[in-house]
Amino acid sequence: VQLVESGGDLVRPGRSLRLSCAASGFTFSGYAMSWHRQAPGKERELVAGISIDGGSTNFAEAVKGRFTISRDNAKNMVYLQMNSLKPEDTAVYYCRAVRVSGLGRYEYWGQGTQVTVSS
């Protein structure tokens, strides 16, 4: 099982970034996906989530209206489009896959990609 994030970078405030997460080794279309972030000295927090079919999404209050999440089940990819970036968006961003069934809970995490927003 692998989740590999990419797209992190150093950008100026107000700019945009698109993060990607490539999944392999499991049935991607059967898992809800989400992006989380962890800033230095802070706990990891949920940024955005998307349902199995992409029909439902949710966002942290801090990013509503600026970030969007999407997935491509044919390509086993999930994306996080981040617009109007702020310094407080600086963090390591992680991709997560989760599935809950009668057989149990299955959860996978990527290694993270660094996003730094600074002038």
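**View 1. Met 82 and the residues it touches.** Leaving out residues up to four places away in sequence, Met 82 is in contact (heavy atoms within 4.5 Å) with Arg 15, Ser 16, Leu 17, Leu 19, Arg 66, Phe 67, Tyr 93 and Val 115. Leu 17 is also the bridge partner of Met 82, which belongs to strand 8. Strands here are DSSP runs of E with at least two residues, numbered from the N terminus. This is a predicted model, in which local features need pLDDT of at least 70 and side-chain atom pairs count only at pLDDT 80 or more, while totals for chains, interfaces and linings use all residues. Residues are numbered from 1 along each chain as its sequence is written, and side-chain values use heavy atoms, with hydrogens and water left out.

View 2. Two strands count as paired if DSSP finds at least two bridges between them. Strand 3 and strand 8 are joined by six bridges in the antiparallel sense.

**View 3. The largest nonpolar core.** A nonpolar core is a set of buried Ala, Val, Leu, Ile, Met, Phe, Trp, Tyr and Cys residues joined through side-chain atoms within 4.5 Å. Buried means under 20% relative accessible area, exposed means over 50%, and partly exposed lies in between (1.4 Å probe, protein chains only). This core has 28 residues, and those with the most contacts inside it are Met 33, Trp 35, Val 78, Leu 80, Met 82 and Tyr 93. Two or more residues each come from strand 3, strand 4, strand 5 (45–50), strand 7 (67–72), strand 8, strand 9 and strand 11 (113–117). In soluble globular proteins, nonpolar side chains tend to be buried together.

**View 4. The disulfide of Cys 21 and Cys 95.** The structure holds one disulfide (a pair of cysteine sulfur atoms within 2.5 Å). Its two sulfur atoms, from Cys 21 and Cys 95, lie 2.1 Å apart. The link joins distant parts of the chain: Cys 21 is in strand 3 (residues 17–24) and Cys 95 in strand 9 (residues 91–101), 74 residues apart. The angle about the S-S bond is -85°, and the link is left-handed. Both Cys 21 and Cys 95 are buried.

**View 5. The salt bridge of Asp 89 and Arg 37.** A salt bridge is a side-chain nitrogen of Lys or Arg within 4 Å of a carboxyl oxygen of Asp or Glu, and the structure has six. Between Asp 89 and Arg 37 the N to O distance is 2.9 Å. Asp 89 lies in the loop between strand 8 (77–82) and strand 9, and Arg 37 lies in strand 4 (residues 32–38), so the pair ties together parts that are 52 residues apart in sequence. Asp 89 is buried because its relative accessibility is 1%, and Arg 37 is buried at 6%. Both belong to a network of salt bridges that links Arg 37, Glu 45, Arg 66 and Asp 89.

**View 6. The salt bridges of Glu 107 with Arg 96 and Arg 105.** Glu 107 and Arg 96 meet at 3.3 Å, N to O. Glu 107 is in strand 10 (residues 104–109) and Arg 96 in strand 9, eleven residues apart. For Arg 105 and Glu 107, the closest N and O atoms are 3.3 Å apart. Glu 107 is partly exposed, with a relative accessible area of 32%, whereas Arg 96 is buried at 16%.

Technical notes: Helices (H or I, at least four residues) and strands (E, at least two) are DSSP runs, numbered from the N terminus.
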